[in-house]
Amino acid sequence: MSKIYKNKVLNSTKDIIQEYVYVLLGAAIIAFGFNAFLFPNQVASGGVSGISTILNGLFGWNAGIVQYAFNIPLFIAGILILGKKFGFKSFVGTVALPFFVLLTHEIDALTTNTLLAALFGGIVVGLGIGLVFKGNASTGGTDLLAQIITKYTGLTLGTSVLLIDGVIAISAAIVFDLEKGLYALIGLFVTTKTIDIVQLGFSQSKMVYIISEKENEIRDTIYTEIDRGVTKLPVFGGYTGKERTMLMVVVYQTEFTKLKQIIKTVDTNAFVIVSDAYEVLGEGFKRV
């Protein structure tokens with residue numbers, strides 16, 4: 001066995017182990033956020049965990065058992081209807097989450113303020129879900145139901161998820177009260193944003209598009225003053241139909257002010273578009 005092949009196998013095994021760690025750690029964090037913040041304050045912020053909160057309020061059913069009762073059949077239905085694309089990691093996530101919910105169900109609530117519970121519960125649960133996604137898996141539940149709805153209705157996946165979570169939030173408002181339903185929406189929003197942060201990170205870079213009559217001068221000044229590479233893109237004016245050159249450059253936040261000064265100094269009439277770049281891989285930034 002060659003040394004290169006051994007290294008590939010070793011790296012592959014390391015990646016697989018890391019992914020399972022992400023899945024298990026993420027499931028544990030979700031369970032903690034659920035039991036420490038959301039469940040004791042009756043914040044049903046979507047998903048099977050939200051359903052279990054509502055059913056506990058109605059019938060006193062154990063949240064962990066309810067999650068098992070929903071997650072396992074949904075996972076099986078997902079395999080039968082959508083195909084065997086979820087993999088063993090998703091099965092691990094599907095089983096691990098209710099297990100950790102049962103394991104941590106006796107911990108004390110960290111707050112009795114419903115707003116704080118929705119905010120911090122959303123952050124903790126979003127962190128856990130983000131880690132599970134980084135492990136290329138899911139915790140099953142309503143994510144699978146949303147995919148099934150999408151297959152048979154033609155709705156987008158985002159619309160299906162929004163529909164399910166909306167029904168859960170409305171149910172929380174009916175079972176508990178209107179405020180609890182509104183807090184559930186807050187928790188859901190915070191969870192979604194936290195997942196994005198875990199997946200993409202905080203934006204530390206800016207992607208800048210520049211259209212100018214003096215693109216060569218701007219390009220050369222960026223090279224010498226900031227030492228950043230510039231990409232030239234051919235574009236066409238929508239009104240004039242004339243071909244122009246657009247410059248694209250990615251800089252760190254700390255370099256952005258200097259870049260604006262360069263553009264302003266060279267061409268005050270330059271057209272500039274700025275957007276966040278959440279992850280930049282390559283020379284001068286993070287390695288691939």
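A crossing of two helices is right-handed if the near helix is turned clockwise from the far one by less than a right angle. That term applies here to helices α2 and α3, whose crossing is right-handed. The model is predicted. The protein chain is divided into two parts, domain 1 (13-200) and domain 2 (205-277).

**Domains**
- Domain 1 covers residues 13-200, and domain 2 covers residues 205-277.
- The centres of domain 1 and domain 2, taken over C-alpha atoms, are separated by 43 Å.

**Helices α2 and α3**
- Helix α2 spans residues 47-59, and helix α3 spans residues 63-82.
- Their axes come within 9 Å and cross at roughly 135 degrees.
- Angles over 145 degrees count as roughly antiparallel, and 65 to 115 as roughly perpendicular. α2 and α3 are therefore oblique to each other.
- On the α2 side, the contact involves V48, S49, I51, S52 and L55. On the α3 side, these residues meet A63, V66, Q67, F70, N71 and L74.
- By class, this contact of α2 with α3 has seven nonpolar residues, four polar ones and no charged ones.

**Transmembrane annotation**
- An unreviewed UniProt entry places the feature "transmembrane region" at residues 20-39, 59-81, 86-103, 115-133, 154-176 and 182-202.
- Residues 20-39 are 95% helix and 0% strand in the model. The end C-alpha atoms of this span lie 26 Å apart.
- Residues 59-81 are 87% helix and 0% strand. Here the end C-alpha atoms lie 31 Å apart.

How values were computed:
Residues numbered from 1 in each chain as written. Predicted model: local features only at pLDDT ≥ 70, side-chain atom pairs only at ≥ 80, totals over all residues. Heavy atoms only, no water. Axes fitted to C-alpha atoms, helices over the stretch in contact; angles between N-to-C directions. Helix = DSSP H or I, 4+ residues; strand = E, 2+ residues; numbered from the N terminus. Parallel < 35°, antiparallel > 145°, perpendicular 65-115°, else oblique. Contact = heavy atoms within 4.5 Å. Nonpolar A, V, L, I, M, F, W, Y, C, P; charged D, E, K, R; others polar. UniProt positions renumbered as here; feature names shortened; annotations may be inferred. Domains from an automatic or database assignment.
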